[in-house]
Amino acid sequence: MWMLEIPPFLPFFIGALIAAVTRGALRNIIMIAIPVISAIHLWSVPEGIHLQLTFLDYQLDPYRVDKLSLMFGYVFHIAAFIAIIYSLHVRDTVQQVSALMYAGSGLGAVFAGDLLTLFVFWELLAFTSVFLIWARKTDRSYAAGFRYLIIQVLSGVILLAGALFYVAEKGTLTFDFIGLEGIAGWLIFIAFGIKCAFPMAHNWLTDAYPEATVTGTVFLSAFTTKVAVYALARGYPGTELLVYIGAAMTCFPIFFAVIENDLRRVLAYSLINQVGFMVVGIGIGTALALNGAISHAFNDVIFKGLLFMSMGAVLHMTGRINGSDLGGLYKTMPKTTVLCIVGAASISAFPLFSGFVSKSMVMSAALENDYNWIWLMLLFASAGVFHHAGIKIPYFAFFAHDSGIRVSDPPNNMLMAMFIAAILCIAIGVYPSALYSLLPYDTGYNPYDATHVLAQTQLLFFSALAFVWLNLRGMYPPELPSTNLDFEWVYRRLLPNALQKTFAVIWRSDLAIRQAFMIKLNDGLTYLSRRHRGVSSLLSRTHPSSSMVMWVAVILASYLFLSFFMN
Amino acid sequence: MSNKNMEDDKTYFFDKEKNVKRLMHIFYGCCALLFVLDFVIHRHVAHQWENLWGFYPLYGFVGCVVLVLIASWMRTFLMRPEDYYADEGKNDADKKTDNNVGEQNVDA
């Protein structure tokens, strides 16, 4: 209960300042201490509004605590703690500072009680995280970072516009249920949707995350999309449109994931797929569905972090991440292999792993509310996510054909971070009630009955059987070095090309007009000069000496003439 | 032991054909067992489709085969060379030299 009014983002921002001026072991100790101290503090904070300001006649609540924001607050602390341990070996000060600022911004956003504070942290999330992409220091990461930044800032600007309309409509800035009413409701919805990677607004994620640094991607995967999920859960629960958007998000990325070669990009696609489950839950909006969505966000932060960490370990040790270059790494990276499989089992929602309970909640809610086709899509997506994230990732990285690469397991701090995440995945799966007692609603849902366990296990085992069968038949698409076109093609190729062509036409016609004018002008000048170019005419180059003499005579005559007057 | 790309004569677990076969047999056994359990365990179903004989196993299997077939077909019109976007905003002179420089740069 001490120092109630210290919002959780403050320790992180102060920590970032200290991290900027310290080095080595001292900085590591400070960076580990910050999430731990902040989490202990948060644990003791009761629900309520703990900070209020007045700004231009409007009341701001920069620090509001309730069950919904607490869940995200807790998991953000866990994610920050794990990712910080994972990145302890990094000496790049820019990365460490921006990672702390980024985690702090995420916390600031989920505890923001009004739209203006939310906007500030919304933009801070973008500006602090982009350095984690640029820190890779490649041309690709530089360009991807810029695209990421532009899209994120655009989302923030739309949010600000929505907030201003909201004030005009409702006369308050308080961030509670908004709903799809009026311009404000739609603008804010679009802003949230961009950050949530809605279909067609999703490519910033698959573009930027695989280009970030090994450790940066682990941070990135935890915060931005989950802040958006939180914002949707608060502003738009029960909005039916979200059910369909979410269902689309669960299904379309798995096709891209199957043919993608960059294994971190596969994970980025499966991140969209998992966020889709949360969005469906929010859209259904019943107590069970919202609980499912929130707990799935909680679990996803941990197991997706674990998967990104294991692929980061592969990239860190081998310098490669394309499935076509990897294989057979289990031989010398056994610990990473096991930890990756734990993450894969969790995301696939195997019973006794963390994803099982939360995914079951969303799917049961879909059935209860008669979304039969949506339920079938979710079921297909569950099988699909197991196919690409559960099997493809570990199989092509650690098994498959032997690539001949022999590298050891990653440094101890990376292994430690993955180990903590894996333990959490299993602990939440085995003993879910510890987590689920913290959820906003009490539904008494029991996922571990024979029906659910059997159904899910059957679904997963036969998905695996399909993989085995396709592989044996040689029908499974091989990993190929390639780029697959996605919606981003529109703004990375189509629009630039169209603009280029349009401007080319404009430049060309502009040039033609100028040239035609110049020719006309030239013609005119030539005509004039021709007319007057005779000896001793207006434009002639040479004048005969006789005219010289004549003019001298004229000057002398005028001189003589003037001298009469002067006297 | 960061002996990258070095000759490695050790035989590992899955290098032996026997071990792979054994694992696959265990896996097939599990699948068969799960399929049979469908008829043994009484399930309380929330949806009529769940009553269908072997609904979940079939849905999982068929779903994944369809997924892979569609994804493979998508490759025919979505796949481009790896450096498809690589020449964005670059002069022709830079293209060749810059494409792969620091491609796999990992942080220190």
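This text walks through a predicted model of a complex, from its confidence to its chains and the contacts between them.

Start with confidence. The predictor assigns the complex an ipTM of 0.79 and a pTM of 0.86. Chain B has a mean pLDDT of 72, and 63% of its residues reach 70 or more. Within chain B, confidence is highest in α2(B), at 89. It is lowest in helix α3 (residues 92–98) of chain B, at a mean of 44. Two stretches of chain B call for care. Over residues 1–6 of chain B, pLDDT stays under 50, and the model has eleven contacts beyond four places in sequence for them. Over residues 90–103 of chain B, pLDDT also stays under 50.

Now turn to chain A. Its division gives domain 1 (237–486) and domain 2 (491–566). The centres of domain 1 of chain A and domain 2 of chain A, taken over C-alpha atoms, are separated by 76 Å.

A:Leu53 has A:Leu60 as its bridge partner in β2(A). A:Phe55 stands opposite A:Tyr58, also in β2(A). Two residues lie between the strands of the hairpin. A:Leu56 takes a positive phi there, near 50°.

The largest nonpolar core has 204 residues. Inside this core, the residues with the most contacts are A:Leu232, A:Leu306, A:Leu307 and A:Leu378. Helix α12 (residues 287–318) of chain A gives the most to the core, with 19 residues. Take A:Leu307 as an example. Setting aside residues up to four places away in sequence, A:Leu307 touches A:Leu267, A:Cys340, A:Gly343, A:Ala344, A:Ile347, A:Ala389 and A:Ile393.

Follow the chain past α12(A). A:Tyr330 is found in the loop between α12 and α13 (334–347) of chain A. Beyond its neighbours within four places in sequence, A:Tyr330 is in contact with A:Thr337, A:Phe398 and A:Phe399. A:Tyr330 and A:Tyr476 are 146 residues apart in sequence. In space, A:Tyr330 and A:Tyr476 are 21 Å apart, C-alpha to C-alpha.

Finally, bring the two chains together. In the interface, 51 residues of chain B are in contact with 58 residues of chain A. Which elements of chain B each supply at least two residues of the side that touches chain A? They are α1 (17–40), α2 (55–78) and β1 (79–80) of chain B. The largest share, 16 residues, comes from α2(B). Recall that α2(B) is also where confidence in chain B is highest. By type, the residues on this side of chain B divide into 28 nonpolar, twelve polar and eleven charged.

Strand pairing also crosses between the chains. Strand β3 (residues 483–484) of chain A and β1(B) are joined by two bridges. These strands run antiparallel. A:Thr483 stands opposite B:Arg80, which lies in β1(B).

Key. Residues are numbered from 1 along each chain as its sequence is written. Chains are lettered from A and ligands numbered from 1 in the order in which they are written. This is a predicted model: local features need pLDDT of at least 70, side-chain atom pairs count only at pLDDT 80 or more; totals for chains, interfaces and linings use all residues. Two residues are in contact if their C-beta atoms, placed from the backbone, lie within 7 Å. Helices (H or I, at least four residues) and strands (E, at least two) are DSSP runs, numbered from the N terminus. Ala, Val, Leu, Ile, Met, Phe, Trp, Tyr, Cys and Pro count as nonpolar, Asp, Glu, Lys and Arg as charged, and the others, Gly among them, as polar. Two strands pair if DSSP finds at least two bridges between them. pLDDT is the predictor's confidence in each residue, from 0 to 100. Domain bounds come from an automatic or database domain assignment. A nonpolar core is a set of buried Ala, Val, Leu, Ile, Met, Phe, Trp, Tyr and Cys residues joined through C-beta atoms within 7 Å. A residue is buried if 20 or more other C-beta atoms lie within 10 Å of its own, exposed if 12 or fewer, and partly exposed in between; C-beta atoms are placed from the backbone.
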